[in-house]
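Reader: I would like to learn how to read the interfaces and packing of an assembly. Where do we start?

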There are 4 protein chains.
Amino acid sequence: MALRVAVLGASGYGGAGLIERLRSHPDVTLAALASRQFLGQPIDAAWPHVAGLVPLRFVDSDDAIAAADLVFCATPHGATAPLVEAARTAGKRVVDLSADFRLDADTYATWYGPHPHPERIGEAVYGLPELHRSELPGATIVASPGCNATAATLALAPLAAAGLLGDVPVVTIVTGASGAGRATDLGLHYPELNENARPYKVAGTHRHTGEIEVALGRVAAQGKDGRSRGPSERVRIAFNPVLVPMNRGILATAVACPQGVSLNDRDLLERYRDFFDGDPCIVVQADLPQTKAVAGSDRAVVSVRWDERSDAIVAMCAIDNLGKGAAGQAVQGMNLALGVKETTGLRMEGQWP
Amino acid sequence: MALRVAVLGASGYGGAGLIERLRSHPDVTLAALASRQFLGQPIDAAWPHVAGLVPLRFVDSDDAIAAADLVFCATPHGATAPLVEAARTAGKRVVDLSADFRLDADTYATWYGPHPHPERIGEAVYGLPELHRSELPGATIVASPGCNATAATLALAPLAAAGLLGDVPVVTIVTGASGAGRATDLGLHYPELNENARPYKVAGTHRHTGEIEVALGRVAAQGKDGRSRGPSERVRIAFNPVLVPMNRGILATAVACPQGVSLNDRDLLERYRDFFDGDPCIVVQADLPQTKAVAGSDRAVVSVRWDERSDAIVAMCAIDNLGKGAAGQAVQGMNLALGVKETTGLRMEGQWP
Amino acid sequence: MALRVAVLGASGYGGAGLIERLRSHPDVTLAALASRQFLGQPIDAAWPHVAGLVPLRFVDSDDAIAAADLVFCATPHGATAPLVEAARTAGKRVVDLSADFRLDADTYATWYGPHPHPERIGEAVYGLPELHRSELPGATIVASPGCNATAATLALAPLAAAGLLGDVPVVTIVTGASGAGRATDLGLHYPELNENARPYKVAGTHRHTGEIEVALGRVAAQGKDGRSRGPSERVRIAFNPVLVPMNRGILATAVACPQGVSLNDRDLLERYRDFFDGDPCIVVQADLPQTKAVAGSDRAVVSVRWDERSDAIVAMCAIDNLGKGAAGQAVQGMNLALGVKETTGLRMEGQWP
Amino acid sequence: MALRVAVLGASGYGGAGLIERLRSHPDVTLAALASRQFLGQPIDAAWPHVAGLVPLRFVDSDDAIAAADLVFCATPHGATAPLVEAARTAGKRVVDLSADFRLDADTYATWYGPHPHPERIGEAVYGLPELHRSELPGATIVASPGCNATAATLALAPLAAAGLLGDVPVVTIVTGASGAGRATDLGLHYPELNENARPYKVAGTHRHTGEIEVALGRVAAQGKDGRSRGPSERVRIAFNPVLVPMNRGILATAVACPQGVSLNDRDLLERYRDFFDGDPCIVVQADLPQTKAVAGSDRAVVSVRWDERSDAIVAMCAIDNLGKGAAGQAVQGMNLALGVKETTGLRMEGQWP
């Protein structure tokens, strides 16, 4: 019998992505969708693109948790930990797309304030399958990574594993608008963002900075297939994101300057291919990544170059922030937690253009 | 009597910007516009937005040079040097928007191949007014800077002057599509670029890399108001550009990691304000720059932050690649060369949204 | 001595356009800018693109009215009539960009509800200079037209004058997002509008429908140069607007099916050229209009074709909704009211691309 | 055993959509992809988004036809008829996305010139499943409709069936850029189309005009489920398309003015619901359609309103020009021709945003 799943925060963009993927996932049944804003309304009221396809009405979180065996939380950080606690107390499994179970309690406190349920954190597995695949089966809480963290970590993980991060890797993220969510805001009013490129939360103030540093630190200490609560080296990155006028897509451009090494494109690429060997959602290629190649897809495209003028490595990763950066990766995490084939229900190829 | 000016390459985007500014410049008369592609046709055939406003037809370069006292070259690199040579031989002044007179012969050869008229290079003044203001009056060849070079150099010049560039500053450029010119290309076909972020010429292969290094090297050696042929320190940058779906605008995000210093936002900003004091086209501000603030404008917005996590300086600059990055700066250079008020004919505020 | 002008609603897009044009208008001084939202803050807080250029702080409407000889109202309909009343009572001239003084009291009531100051309406002149040029000099209230009304009326006015509107002209408007103003709204949240074309207020429910019908009715009754309170024939149009993902621009496509006539492109174009002869802000051309040709400009481009398959006239008009559709036309109206050259301070050519 | 299918013109946008859908279609095997431009290259060279997913290289048309049981032609009109002839001669079934088999020989000649294989036309079934469902099973040539024709015909078909088209329905199409194909063209160069709305082929000169008139004429004569070679009434429409800056999507706004009837929204909507009852790819709704609701989807959204001011019906249809307007509809046609469930392999919900 199919597992019953619910989505909390189902009227946000993360929720839309989950509905799109779970609706036709062969191993689950979409049992309940929760939304405070659209409570009691049919799904079509929030999502015109599934008109007539999802015969449900939005319920509240309690009812959604009660109706399901597994709960996706696509809700804001801070507000999510109590929902996870409630779901776990009721014996439900959780895939959490918020930040609430990605970090240990101390690191969480640095970026988000005191954690309301620190005792639950030990249960959570960081849901980046490429770095935690052997740890995910059976996980009761999958802490699905942030979109920027996914892109930056995938770009740099092979270097972290090889001790090639140098002193302070510089990560610049170009990101589309949907990552900021569906809430209105003057900065995301169409005429304000269209024809505009705008940095935000630069100079180490973006909360994903800490998540990336921890994720890369684990790879540096444990190698590719690590434990969420295992050892981590100290890593510092200079992280700066830029918002640009597109709906979907993150392109991470990371520059690392390891001391005293001389490399070349071919060797670097080979190293990346080896590192991601066997990862069905990672494309390693010589051509530069572009976000269109992953629009609507749950895969990531990674490439790497050697800059011989400045003795620097340039590593790049393109993802769809709502695919591999959110809903797709959450479903991938669920699949692994459940022991289902990793790519079930995922969108491999998106669409062009 | 007004100076007669001509524009070569007047059917490209740089040409459009020049027509828009020169048409109403009080000290010059638009005497001739040259275009190979639109030869003999009225100006409206190339530029619907000036329909009825410019009572000229496109002529060839020879005729345009003959008709003018001063010639703007908005023509491709390589093809421009012979045009400049012809104009100078005829005793005409030149403002060159191409790369052909920005670099010394050796550096030019590294990036573009052998220079066809190296003996003319000594005559040229690098037309970044903020760094060469006292050298521009009377210049017979103004070598107007590249758009990416303008943004990167303005972002980092105050640090170069203060010895704060560190080992290898990392410069990531986000750029709109018009910088690639008006020639059709599959990568700039609307559906291919819209909803796409795409790196290109990364890892030190973009030709503006050399121009930026030289410009910053001069500032490091000579300070703010330097000589184009004066001394230069060796500077290396890691330069990576990303094309994003917008028409206009460049945002440069530069990260410098000077060793053994600890700084803060306020001091850095004060340093930037001091450096650009008296520059009418530079806005130094605490708020992060955004390209919309300079769309249609000939000003640059600059800001700077201290990243205390990674001991790094984040310097940012936003320009309109067709304004301060091309036509606006070229007119600014002409004004200074002619002894006219620097901002005459420039567009200070553009438009919002 | 320059006339002192104030702008009410100066933190909206109409306000930005007025600031951009009035700041450098040779016959006026920008005396005061009012904004409730930004009250007390410097202008740069609302408008980064004029940073440092407008040495004022936002004041309230009373203070703005007191400080000026002429007041621009870029405020919402309904809220504007009392501001106009206050300004007129204080003896100030008014250019009103809202709908409040465009219609007679009865028509106004049909679309907007009861008019709060119907006795003032007789004073107002409809500020479409091409149709009311001889009535504007000396006007104390200029009722500047709506953006959609401007595009539709200019497209069809020559047909109205010639009795060629047929039974029910069908007007379809394609419009950019800035026409909806600067207030946040989910429908204008960037990811919701980008990659979306969305009809709204179709089937005769858009308030500009009435304004267009009245304007065309006056032309049908009085010809090109009419009186705002003069006779009007009854005209009915089928008006349907579609919102598309761009910042600026309106393209009106109007189809008229006059009975029993057979026309051709050349004669129609000639008729349009004659009608708009002497109008400095109208470009009549054989090529189809496009909004880019008027982006940032205060001109309108008009063209017309004969559809021989269906015996229909296709008339098209492109404007920048914030230029000829708002701020530009308001300044044009002010110029005529003051007896200043009609195009003073206007932007003729905008920019490309 | 799965049917072997080939795609000719597989490096164009129609080809991409077919690859995306056919790759995972359970009843077919993707046997060959033909492209002249990418001949001999791997599929990834043309389509980065399917990197590693389609283990084929582009072949020429002859080889592709030979390798398949059924051939999709996503090739230009004129060039396609000979390919269809070759495929049919070899006994292969054909789904043709070009215009070559949509019209009878005379009508074809009016719009496209003499038909090279008029004797084959009788074999073709017009592949708009909603109007030809009972005719499609067993069809050897499915002539898949044009994108604009699909949108306009679906919007107006219920009115045609009810005799409510009036004299000359006015159809205005707003369309994204991908409909123009993947060939570079200055008008589709990113900076030229972005921030631009541009009418093209207006006043009855667009070739889809004839196709729409014929399709509606058949409905008027035969009702909903007609024969491609059955009787047709004479219908004339006034068709005007406008290109706007988006990748995907067509919104058709059609205004019909039937004489002497008075209708209302509810009755019209009911009529539409009845007409499209049982059509799995049509959503009839009271809310206005928007293209985002069908982006990436193979469904159409239709709505209708009564304009009581002008006694007009406003009918609207939104489709993805590459989904229901091209690849999706072609696969839908194939499914019906083969007797497979109509929606197999189709994308019902696309994605939001």
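Author: Start with contact. Two residues are in contact if their C-beta atoms, placed from the backbone, lie within 7 Å. Keep in mind that this is a predicted model.

Reader: Which share of the interface residues of chain A are also interface residues in chain C?

Author: The share is 100%, so chain A and chain C meet through the same surface.

Reader: What rotation and shift superpose chain A on chain C?

Author: The rotation is 180 degrees, and the shift along its axis is 0.0 Å. The RMSD is 0.0 Å. The two copies are thus related as by a two-fold rotation axis.

Reader: How many residues of chain D are in contact with chain C?

Author: 46 residues of chain D touch 46 residues of chain C. Next, look for the elements behind them. Those of chain D that give two or more residues include the strands β7 (170-175), β9 (238-243), β10 (250-256), β12 (300-307) and β13 (312-319). Helix α8 (190-193) is also among them. By class, this side of chain D has 25 nonpolar, 11 polar and 10 charged residues.

Reader: Let us turn to a single chain. What does the radius of gyration say about chain A?

Author: Compare it with the value for a compact globule. With 353 residues, that would be near 20 Å; chain A has 19 Å, which agrees. Its C-alpha atoms fill a box of roughly 60 × 45 × 35 Å along the principal axes. Chain A holds 12 helices and 13 strands. Buried residues make up 66% of the chain. Of the contacts in chain A with a separation of 6 or more, 71% join residues 24 or more positions apart.

Reader: Last, helix packing. At what angle do α7 and α11 of chain C cross?

Author: Read the angle together with the distance. The axes of α7 (residues 147-161) and α11 (residues 323-338) of chain C cross at roughly 105 degrees and come within 8 Å. Angles of 65 to 115 degrees count as roughly perpendicular. α7(C) and α11(C) are therefore roughly perpendicular to each other.

Reader: Which residues meet there?

Author: C147(C), T150(C) and A151(C) come from α7(C). They meet K324(C), G325(C), A326(C) and Q329(C) of α11(C). These contact residues divide into 3 nonpolar, 3 polar and 1 charged.

Methods. Residues are numbered from 1 along each chain as its sequence is written. Chains are lettered from A and ligands numbered from 1 in the order in which they are written. This is a predicted model: local features need pLDDT of at least 70, side-chain atom pairs count only at pLDDT 80 or more; totals for chains, interfaces and linings use all residues. Helices (H or I, at least four residues) and strands (E, at least two) are DSSP runs, numbered from the N terminus. Ala, Val, Leu, Ile, Met, Phe, Trp, Tyr, Cys and Pro count as nonpolar, Asp, Glu, Lys and Arg as charged, and the others, Gly among them, as polar. Copies are superposed by least squares on the C-alpha atoms of residues with pLDDT of at least 70 in both. The radius of gyration is taken over C-alpha atoms; the globule rule is 2.2 Å times the number of residues to the power 0.38. A residue is buried if 20 or more other C-beta atoms lie within 10 Å of its own, exposed if 12 or fewer, and partly exposed in between; C-beta atoms are placed from the backbone. Axes are lines fitted to C-alpha atoms, for helices over the stretch in contact, and angles run from 0 to 180 degrees between N-to-C directions. Angles under 35 degrees count as roughly parallel, over 145 as roughly antiparallel, 65 to 115 as roughly perpendicular and the rest as oblique.
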